[in-house]
Amino acid sequence: MTSRVTAEGLEIQRWDEEGDPDTDFVRIVPDLTQVSRTKRHLCLERPAHCKSVVVAANEGPLVQLAKSHPDSEFNAAIELLHAGQRGERRDFDSDLPTVIDVGGFDPIEAGVTGRLLALPILSEMVNSSECSCDAPAVCPRKRTWAQLASESVRERVDEVLRTAASRGHAVLLRELWDLVADMATGGSCADSPPSSPWFYRIFYGDSRLTRRLRSSLDPDLLVFPRAEARLWYGDWFAPELNLATGLSLLPTGTVGTMTSDEFSWLRAQLFFLTEDSSVGELLRDQYDLLLLDAVEQGRTVEVVHALNSYMTYGSLRPSGTTLYLWTDLGVERRTDRPRVQASLGTVRDSTLRLGYSQAVLNHPDDMEARGSRRYLIHVDSGTSFELTAEAIALIRSGRSYRTADRAHTDLEWSIGQFYSGVGSHIRTSDRLEVAHIDFESMSGEHRVYNVSASSLLIEPVED
Amino acid sequence: MGSITQDVRFLLLPTNPFVTGSNAGRPAPAHVLNGFAAADVGYGDRGSEIVALMRQEGVDLSGFGFSANARWASDPKTLRNFQADLVGVFSPDGRVFPTRGSPAILHQSMTTLDASDDGFGPHLAGLMEAATPGTKDQLRALLTPIEITDPLTAMAKILVEDTVPQQRRSVPESKRYWYLSPPTKPSALLRESIANFILALLENHFGDPRPAQIQHLSRGLYFALVVTCLHSPVAINIDSEIHSVHELTPLVTLGGLPPGDKDHPLTRASGASFRRAIQGVVSGLELTLVAAVEAAEIPSTTPKAGEPSAKLISLLADAGITGTRAQNSASRITDAVTTSSRRFGTKKWVSEVISASHPEDDLATGLRSMGRKVGFISPDRGMGFARFGLETPLLGTIVRGLVPSGGVEFESFVDSLRRRFGLVLGPGGDDQLAGDLPYWQSAGTAREMLRTNQESFRRRLIRSGLAREYSDGYTEVTHD
């Protein structure tokens, strides 16, 4: 029996323990995978005095249980989990379990890095770490770590990582921990310039996230027109540096004879310490985040506009208020994609919404925790299209008419699945839209027909 | 192909109709689906009228019901635009020509009589009927919409009005078609695999709109055809107990995006497996011809000297080739054989005939051309050696044809591809597989390669939305 208790005074019991039969308790299953397969379905049973059951489960075993027990809470949990992954939110239902999708949680958006860097225990660890420096007062790692006490600096760190995460796969908690570990312990104070300061580790460290950041963001391209001359001439307190209140730069090198590495080191530091808002803009310029911004801010019209433009190769004036469900009946893989698109129908932008996956489902306090996936959702059908970072970048770049560009084949396949789902739901058949694209001139023609199978009507619609 | 390709194909057809002809690149997916439907649910005049409407200048619309309300058609430009739209919508792959062709058949009455499928469509229909009787109903249900729920189907319905196909396309009858009564266990396994795959595409609609369902059927039917062309020559000639089609010829298939890096050991293995498959086809065709010659009945009135020709003519008659046409074919075949191997019917004779009619390089070119059409074999000619891969749309079709509702565990799916089609994408649940494949220096390398390929395949399925990965590494293939 355990002596652990919750804040409410309830005892905590492991599911395989026997407690006091007269005491209220919370039952926990620390890992469903560790429970024998034949007993897993019993984990949610509530004996007398059991006020709640908490199960930590991997999705695989949970899916298996849901399949073998379709009327169980396991199945309800899987349905909630998948609804959350698709970005659906539901009203609280006390008959259903509360689901927390740890794997779907977006640590970047939640500013986890900034919060980790603010932990006193981490600061203590850095300050007590051994290095080649004569004293803590001259240790570049320890001196610069103090800069992270500033909230604005930590926010800048979060902003940089958010930008890095806008491309490629979702960032995992594990990757963030690795980054923070590298920031705190990586590099050497003896290098010239020192490779141990946290800001240097972010751009030039050894973590996976650092490599990913550097692959698409060149810190040397981050220029500070008004501040750079001040840096070069060692004017560390110049107002042009616009440092956040209470912060100061740690100098390096010799004024006037700085190496390019030393200057990059200083610029990396300035990047995080300056309050100049143009730095954020500079970052966004490097990443071409226009469509991503639209998604982030829920601007459906811009996403609809981008999809319409993509599917018609940018050859027609795209609508932002009507999504055309463009498709073609092509089967063969030829050198070029089909030059004609036909629409399965259209839907208004008001029937679509932009949403995120949800990491907490069916919480009694209606708690919302944003997941890492972004979706365009057709509300009535529940069909969704995942706007991955890669998809957004491809949509922005424009559709390639050559089938050898397979990234576009994959994207049009995913868009096609979404359009099929929406088309199956709306079931409209009275208007056929046709788009012809001339790949040589990249110009297009759009024609519309009113059609009625019951009255054998085909009527071209005049512009 | 060789100059006697078509002649020899006639000799082989009564046993195995899944042999490529002199222009293997001609049959396209639209043709095969059209031929399949024309044999199964029939064709009528309306299909060819629609072809004419699409492609002929100054076409007469009076035969179409919609013309009564189509004053706009008197304007030549509007009519031309309308025709161009019909071509764009219903012939996206360019398989409709001014006087014939195969449109994308969104209604059974759009079916045409078009021999461009080289007879493969009707034979696939025959295979289906033999293996899973009653599939005509499913095809008819798919191609005869009761409720119109999308504008493409609405347009098709207006074009066909209430016409009904009157005739069924037929192929020469032969009791020896292997799919009627599979002569060996492997051929029975192949027949079941192919038929059940097509049946799944016919029966299960997976929530797709009709146009997408028909698109998947067309792609799947053609993929099934290529697989059958690759395996059937071997399957009908080896009577051993097999549990998986890959035991005939393992087709090492790239799990990542095709065509892959040509220097990668996996890609090279895939290329080697393609060449090996072609060699298997050649050997299979030789055995088929040997058996056909041995079984040929010579008319009792035939003089001894005329025996070889008489045998060939008798064989050709089985394929419906008679009279002067048969005599000319027989002469061409006889002339193609050198003096040293003129002893009719010997293995040497057969080998020389097949070398002349279906040389390896030509067969490879033909089957590559077919496989490329649905993204099964790549890259395009002149871009490197042929290899097996699965382009994403084909992957989507295969998932629809193999995966039951509710999904299937990833490794089982890999096993399924191997058992049903001979596609080797990874070890799946078979730990011994690596040791059986001759494409790598050691079983250890083979295991590593297969595991790497399987992982690439898993990632691709997830990326394409055809599989879900759970937090503990469990992956489920699904078409939901």
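Guide: Residues are numbered from 1 along each chain as its sequence is written, and chains are lettered from A and ligands numbered from 1 in the order in which they are written. Because the model is predicted, local features need pLDDT of at least 70 and side-chain atom pairs count only at pLDDT 80 or more, while totals for chains, interfaces and linings use all residues.

Visitor: What makes β1 and β2 of chain A a pair?

Guide: Two strands pair if DSSP finds at least two bridges between them. β1(A) and β2(A) (residues 25-29) have four bridges, in the parallel sense. Strands here are DSSP runs (E, at least two residues), numbered from the N terminus, and helices are such runs of H or I with at least four residues. Q13(A) stands opposite R27(A) in β2(A).

Visitor: Why are β1 and β3 of chain A said to stand at the edges?

Guide: The open sheet has three strands in the order β1-β2-β3, with parallel pairing. β1 (11-14) and β3 (50-55) of chain A each have a single partner strand, so one side of each is left without a neighbour in the sheet.

Visitor: Which strands does β1 of chain B pair with?

Guide: β1(B) pairs in the parallel sense over two bridges with β5(B) (residues 423-424), and over two bridges, also parallel, with β3(B) (residues 387-389). L251(B) stands opposite L423(B) in β5(B), and L254(B) has G389(B) as its bridge partner in β3(B).

Visitor: Which way do the residues of β1 of chain B point?

Guide: L251(B) and T253(B) point one way, V252(B) and L254(B) the other way. In a regular strand the side chains alternate between the two faces of the sheet.

Visitor: How do you know that the buried residues of α15 of chain A are on the same side?

Guide: In α15(A) (residues 389-397), A391(A), I392(A) and I395(A) are buried. They cover an arc of only 100 degrees around the axis, which puts them on the same side of α15(A). The arc is that of the directions from the helix axis to the C-beta atoms.

Visitor: What makes residues of domain 1 and domain 3 of chain A count as in contact?

Guide: Their C-beta atoms, placed from the backbone, must lie within 7 Å. Six residues of domain 1 are in contact with nine residues of domain 3. The domain bounds, 11-86 for domain 1 and 299-461 for domain 3, come from an automatic or database domain assignment.

Technical notes
A residue is buried if 20 or more other C-beta atoms lie within 10 Å of its own, exposed if 12 or fewer, and partly exposed in between; C-beta atoms are placed from the backbone. Two residues are in contact if their C-beta atoms, placed from the backbone, lie within 7 Å.
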